[in-house]
Every structure is written in C-alpha cells, then in structure tokens.
Amino acid sequence: MAEQILLKSLEVPGLAGFDIYRKLGGYASVEKALKNFTPDEVTAEVKKSGLRGRGGAGFPTGMKWGFIDKSTDYPRYFVCNFDESEPGTFKDRHIGQLNPHQLIEGMILGSYALGARTSYIYIRGELFYVLKIIEKAIAEAYSNGFLGENILGSGYSLDLYCHPGAGAYICGEETALIESLEGKRGNPRIKPPFPAIVGLYDCPTVVNNVETIAVLPWIINHGADAYAAIGIGNSKGTKLISACGHINKPGIYEIELGLPVEEFIYSEKYCGGIRNGNKLKAVVAGGSSVPILPADLILKTAKGEPRLMSYESLAEGDFETGTMLGSGGFIVMDETTCMVKNLLTFARFYHHESCGQCSPCREGTGWIEKILQRIENGQGTMKDIDLLVSISKHIEGNTICPLGDAAAWPVASAVRHFRQEFEDHVKLQRCPLSK
Amino acid sequence: MSLVKVTIDEIEVEVEAGTTILNAARKIGGNVVPPAMCYYSKLEGSGGKCRTCLVKVAQGSAKDPRPMPKLVPSCRTVVQNGMVVQNITSPEVMEARKAITEFLLINHPLDCPVCDQAGECSLQDLSYAHGLADTQTIEERRTFAPIDIGDKIKLHMNRCILCYRCVMVADQLTDQRVHGVLGRGDHCEISTYITKAVDNDFSGNMIDVCPVGALTDKTFRFKSRVWFTKPFDAHRDCPKCSGKVVLWMKGEEILRVTGRKDKYGELEVFICNDCRFEHKEDKDWEVEGPRKIERHSVIGQNHYEK
Amino acid sequence: MQNTKNTIEFNTETVDLVNKIIRRYPQGRQKSALLPILHIAQAENHGWLSSEMMDYVASLLNIQPIEVYEVASFYSMFNLQPVGNCVIEVCQTGPCWLNGSEEILAHFEKKLGIKKGETTEDGRFTLKTVECLAACGSAPVIQVGTEYHENMTVEKADGLLSRWTEENKCSHTNPYL
C-alpha cells in the first residue's frame, strides 16, 4: 500500500484523545510552523506541494490561499467544509470521528497562513455525534495551549468553533456554506466577488475541505517536496477514496494518485472485486455528480490505455468517454443494476437539494425526476429520452452554482453510455431488469 | 469617474466603470437589451436569479481578451474596458434564453385569460419573444391556493417566478419584513408563514415590482382588462411619498393607481399605500396628461380619444 | 428539561448554552447562531418547530420571526409539523438503494403499519426518507436522533424496533448534551 498520510494511525485506540495523538507526533507541525515559518511561507509550502482541493473541484489549495485579500484590516476567516454529503462520499466523517486532532492541527496551520483569528468547522447537522467528538478535541487543544491566546508563546492567537448545518447538500457549495454559517438559507451567492475577497461577514475567507486540511500537518512536517514526490503528473499526493456499492470490501482507502482503476476494484488490498462474482457494469468514480462510465471505459480509456485514479487520467476523453476524480466517492454497480433507477435516485436527490434560487435548477431538476420516474414505471416515450438530454444541457452552465452541473452531468452521461437500456424501458413498458 | 468602452452586439458604448453589462445595454437601448425578470435597478442585491439575461462574453477585456467560459448574468456582471459581449447575436444565448423561458413556464399556470397582470406581464412578453409554440411537458404543475396578504394585496403563488423583488421591497423600504421566501427548491413560496397581513405604508410597491401576476391589487381585481383602461400621469401633495402616480381610468372612473414605470417596467419612484389604495376620486388628483407607454405591450396600443 | 403547556421558554441551563453558542460569533452577528439554536429548540419542543417556538428563537437572537421561518423551512432536518416520539429516517439515495434501502423502508412500513412521512397512531414512531447521510460504505443506513445505524438488515430493523418500543425511545434530545 502507498504512503499512508491520512489513515496511518487510525487503528490506534484512543487516537481521538489529545495525549495519544500527541505521543504519535501530533501538533509537531504547529510547533514547526509557528517557530520557523512566516504565514506566507506556510502558504508557499502548500503551493509547492501541489495539493489540490479534495472536496471535488480539485482546485490548487495554495493558489486559493494566495487569492485572499490581505490588504485590508478586515478580519480574515478560515472555514472547514465538513458538509460532506455528495452521494458516494464518506471519508470526512472518518477523519472527524477517529482523528479529530489531525483536522484541528490542519485548521491551526491554515488559519496561521491566512491570518485568521477565528475559524469555524462547518459540519453537516446529521453528524452531531462527530461534532461532539471534535468539540471535545478542540477543548483539549485549548487546554494544551494549541488554541486560544498566544499559541506556544508565538504571539499568534486563534479561536476555533464547530458549527452544525441542518440538512442541506447545497451548503457544501462554499458560498452557500458561508450564508448558512451566517444563519441564513443556504442560497449560493452570485460570484464574483469570490470568498477570498468578500466571504464570511463580508470579510476575506477561505473554505477548504476536511481532507485538504487534514493533510496539511504532513506537508509541513515532511516538506512540500516529499508530498509532491507522491502521485503522478498534476495529481500529487494521496487521496482518500470512499468505495461503495456492489463490491466485496466497501470502505475508505488511501491511495497514491495514479493507482490503476482495475487494481483498485479487483485487488484484495482495496475493493476486493465485485460481490457474488458478478460482472462490473458501471462506476461513478467521483461522487454522484460526475459522469457515470460503463465498465470498459472505467477500466481503460477510449485510447485503450489503463485508466488511473488521478485527476488527469479519469478526465481523459472529456465527458464523451471520461469522467472526474471529484470527491473520490467511488460507486460501483454490478450487472444487476438498473441504470434508469440508479439515475432516478440521483435525480431525486438533486431535486430535493436544489435551493430554488435560480430557474434552470429549480425547475429543471424536478422535471428530470418526473420524466425518469415515468420511464422507470414503463410510461416513458422515446421522446422523453431526448428531452432528458436537452433539459440537462440547458441546466448545465446556466445556473448560479455548480449544483446545476452536478444534476445535469449524471443524466447526460447515463443516456450517452446506456441509451439502449433507457429505450428498453420504453419498448417493454417496464424495467427490463426487474423480475 | 473613469469611463470604459464595451461592445454589445457589435455596438460600442462608453459607460462609467462599475456599470453592469445590462445597464450598458440599456444605455444603447433597443433590442440589444437583455430581458430582466428579477433584476431591479432600484433594489439593492437584486438580480442573478432568473437567468433570462444571460449573455456571452466573447472577450473579457482589452487587457485579458480571453472569453468567459460560461454565459454570465448581464445584470450582475460588471463591464471591463474592451469587453465584447454578445446578446442577440449569439445563437448560444438565444438557445439558453429559450430554455430559461421554458423553465419559467413549466410550472406557471396558463391562466393569462383570467390573470390581472395580462397585458403588462414580463413573463408574457418573454414567452412571446422566446417561448416555444408548444409545451414539451406533460407533468402536473405545482399548485398553491391563492391567499390574501393584507386586505389590499392578493398572492397567487402559482404564478410566482421567485424573483425575490417583493422580499427586497419589504427589506429595503419598510421597517419590518413579515413575508419572505419559505421552503426549498421548487417548493419555495412567498409567504408570511403564519397568516399575517403585510401591512405598512409602502407594501403596495410589492405589486408594482412583481414581474408577473403573483401579487395583484385587490382593489383592481377583475375590474377591467388593463388594455381597456387609459393611463394618465397625475400627482397630489402627499406627506408620505412624492405623490407622483399613474391613474388607470375607464371613462371618468379611476380603477387603479400605480407608480410610474419606465420602459423597462421599473418604478421611477416608489409610492405610498395611501396614494395607491385610498385616493380613487377625481378630486384627489391633479392630472398631468396621458401617460406614454413605451413598452411594446398591448397597453401601448391604447388610444386616448374619448 | 420540562416544557409546560404555558411556556416554551428554555430553562437557565439551556439559556446558558444558547448564550455560549452566540458568543462564538462576532458581535452583531448573533444570527449565525440560528441553526445550532434551532436544533436545540426542536429537541426541546418534542422534535418539531412550532411557530411559537420559532418566535421565541427570534426573540433570543433579536431577529425578525420571518428570518427564522425562512431558515427553518429551508433545512430538511427541521420539522415544521409535529412528529412522533421517535423519528426513523431511512436514507434512499443511490448507494443505499444499491444495497437494499427499499427493502428496509418497506419493512419499517409493514412493521409500523404506516407509510413514509406518517406517524403511528400511538404517536411513538414517525417514518421518513432522507437523502444521502454520507455513510455509503456501510449502506443501507438509517438515522434516529443523533444515532446512525449502519449495514441495516431486516433482522437488525426488527431488533431495533423491539428495543425502541420497549424503552419507549425518544429521538428528541438536545444534541449538545
């Protein structure tokens, strides 16, 4: 197995407690950074590491930090996006539950780099039991001098709090998250301005995913070069993959980016193959929002090269024959799976989660769900299949935030790769896979 | 104030830095002006939601000529010097606008024949210009029961396109907002939640800013089709507002009082409820003369001879 | 933590907690505390937010009641109608569906004699479907209060149901306590 950065000590009993975590070398990066690095040097190190945002978009983290406006006297905020709710993704809960101090350590580093004096961890409301674990860890960090006034005598002070959401996928979008943190509806803001200029309480703000933040201590401890040496191409480091669906060993795996998809699915080290010895039918590789690929295209690119678990390789062939690494939510489907029904559950999800602010998403997501429901029930027409494609095309790119794209891509890709199955539903007037 | 040059549909215009594409297009005028269902220049923070004003930025600026990757809401996108914008000259924009129009209509009732807004409805204009001849949807429309919010205003939620303008009026013109957008997604609705009257001196402006027939004047309901009335500019000494209004007359009778709207359907000034609802007598008003309606609506077809 | 008929106001202990949460946000930004406090308010009000309770929350934060209604109606964890003593939430999104969530839901419906969205006549159980709970690796998943129950099976559902019935399970506890 590759270098374990995030999952390394997770089996150690009591890791969530400060003493054990500290014994294993925890908080060393904070000591190092506050003593030896200026805030800008921390940012430079993160830039150099090639770390990309692990929430789904894959934007270079150091570059995002570089955008923050340090020219004014406004307070600056660093916010952790712990609103994990992309179907197929369940890695952040794991970190928060088993290794909260790693997240807190990363929060201190990020806050120091950005000059934030107050930082928040926005955690989805369903995970209140994880919130309480983190709050306990935060209290320990305070009493051991790693949070609060004048941390380790450095003159740098930081307050850190948890903030619960209350059931809204859209709050994973960073400006909706900020609105929600301000006690409002989770309506995404119209950009620009971006949060780095006008964010929380109209102040410069950076929002990063849990996994992104949790990897920061390792980068500071071992250096940017060590991190950049892991991985392939512009996909540096390791990535947590949440594997689920019809596999023998669902769970969370930390892989070195560049691992062949075939090895990931079939090797005993990872997913352990398809359940019941069934045949692989399709994979959603990066959370429900990314295009679904049929077995042949997830294992090999259209050019016949082995597909790798990396930002570039998964995107090879664009949306025609490729997909995205996204959040690393790896959903595997075997031959018994109905592609229409699977898509219907996603469509229902996006319809349910649309904030309702802009018209294409508000109206289009519900429309798509209704059409899919009809097709699945055997009441669809051939025209409906084309209509689905046309609606998804008209949502894509025309909405305030990426939820529109996220709702559109699964539809377009399912019809692109599994059109026959949609047509069979229409012809047979029922699901061809149901007994 | 520094000036920047922007080209919209091959027409160059010079505007103040900080101007949006939409307002630059309004400066040019004519058919290069994108339609706006939610933006309202007098309401801070409005716009960006309905997506009918999406345009293509073919060149970002003179300094950075790269095109913008997606269509942008012209009402919320600030022009840069040397920006090149395509509105009606872009097939992509026209297709998107057609699609947005369809999205706005799939849950909107086709009840124009019984809607008081007919004839002065932005959605009617939009669908006339960009709508399909036929509907592609066979799904059931979502429905709400019409309710009274106060004794003068009727809310037909079925017709609402969630532009948020009325919420902004309440936020920005009144002391205490009692209505808002409730729910989520396509279950969103304008509501007071518990039955409450929207009751303050300027609440009537919600009717005027509503682009559709969701909020209508109960004192005018079903009295006349708007194109059978004749609009006149009039004013009175009002202690609360400018007192500058439009009287909508049928014969000698004042059927309705509204604020004065410009050619983009926006009020020139907000008026108070006293002027709007409580002064329907000839003697209340100093009539200035016939109001010229510039929009290409049926009201514009009106004639003023007795 | 007793709510009498006459008052929905929090006791001193809860008010202290509320004030502690408010202090986490900058001065004048007390509205930020709305979601955490609504969670507490819902738990204190038998699992749902009545308009009286929301008005009370508005007064605690010095904001307009409509601001609370707008927010409470946006987030799916808040119930604006009364619910049973124990709310069972069954995840139905893709990964849970792939692993048999429909069977789990159907089993609860059969055992409780209600459909999703309904409450049993004795007011003990409410059955809901929810979207992705982010525990897809141990699908199918259900949530009850702050507890997750993972790798659900019909047998497991039976076991939980009889336990909850026996102990008269209430899922509305202050999540901070």
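In what order do the five strands of the open sheet in chain A run, and what is the sense of the pairing? The order is 8-7-13-10-11, and the pairing is mixed.

This is a predicted model: local features need pLDDT of at least 70, side-chain atom pairs count only at pLDDT 80 or more, and totals for chains, interfaces and linings use all residues. Residues are numbered from 1 along each chain as its sequence is written, while chains are lettered from A and ligands numbered from 1 in the order in which they are written.

**The sheet of chain A**

Strands (E, at least two residues) and helices (H or I, at least four) are DSSP runs, numbered from the N terminus. Two strands pair if DSSP finds at least two bridges between them. Inside the order, strand 7 (residues 238–245) and strand 13 (residues 329–334) of chain A pair in the parallel sense, over four bridges. Ala243(A) has Phe330(A) in strand 13 of chain A as its bridge partner.

**Two helix pairs**

Axes are lines fitted to C-alpha atoms, for helices over the stretch in contact, and angles run from 0 to 180 degrees between N-to-C directions.

| Helix pair | Axes come within | Crossing angle |
|---|---|---|
| Helix 2 (residues 28–36) and helix 6 (residues 100–114) of chain A | 9 Å | roughly 15° |
| Helix 2 (residues 91–106) and helix 3 (residues 122–130) of chain B | 10 Å | roughly 135° |

Angles under 35 degrees count as roughly parallel, over 145 as roughly antiparallel, 65 to 115 as roughly perpendicular and the rest as oblique. Helix 2 and helix 6 of chain A are therefore roughly parallel to each other. Helix 2 and helix 3 of chain B are therefore oblique to each other.

A crossing is left-handed if the near helix is turned anticlockwise from the far one by less than a right angle, and right-handed if clockwise. The chain A pair, helix 2 with helix 6, crosses left-handed. The crossing of helix 2 and helix 3 of chain B is left-handed.

Residues are in contact if their C-beta atoms, placed from the backbone, lie within 7 Å. In chain A, Ser29(A), Val30(A), Ala33(A) and Leu34(A) of helix 2 meet Glu105(A), Ile108(A), Leu109(A) and Tyr112(A) of helix 6. This contact of helix 2 with helix 6 of chain A holds six nonpolar residues, one polar and one charged. For these classes, Ala, Val, Leu, Ile, Met, Phe, Trp, Tyr, Cys and Pro count as nonpolar, Asp, Glu, Lys and Arg as charged, and the others, Gly among them, as polar.

In chain B, helix 2 brings Arg97(B), Lys98(B), Thr101(B), Leu104(B) and Leu105(B) against Leu123(B), Leu126(B), Ser127(B) and His130(B) of helix 3. That contact of helix 2 with helix 3 of chain B has four nonpolar, three polar and two charged residues.

**Domains of chain B**

An automatic or database domain assignment sets the bounds. For chain B they are domain 1 (3–100), domain 2 (107–222) and domain 3 (224–306). The centres of domain 2 and domain 3 of chain B, taken over C-alpha atoms, are separated by 21 Å. Domain 2 of chain B puts 17 residues into their contact and domain 3 of chain B puts in 19 residues.

**Chain C against chain A**

The contact takes 35 residues from chain C and 44 residues from chain A. On the chain C side, helix 2 (34–44), helix 4 (65–72) and helix 5 (94–98) each supply at least two residues. Helix 2 of chain C gives the most, with five residues.

Methods:
Two residues are in contact if their C-beta atoms, placed from the backbone, lie within 7 Å.
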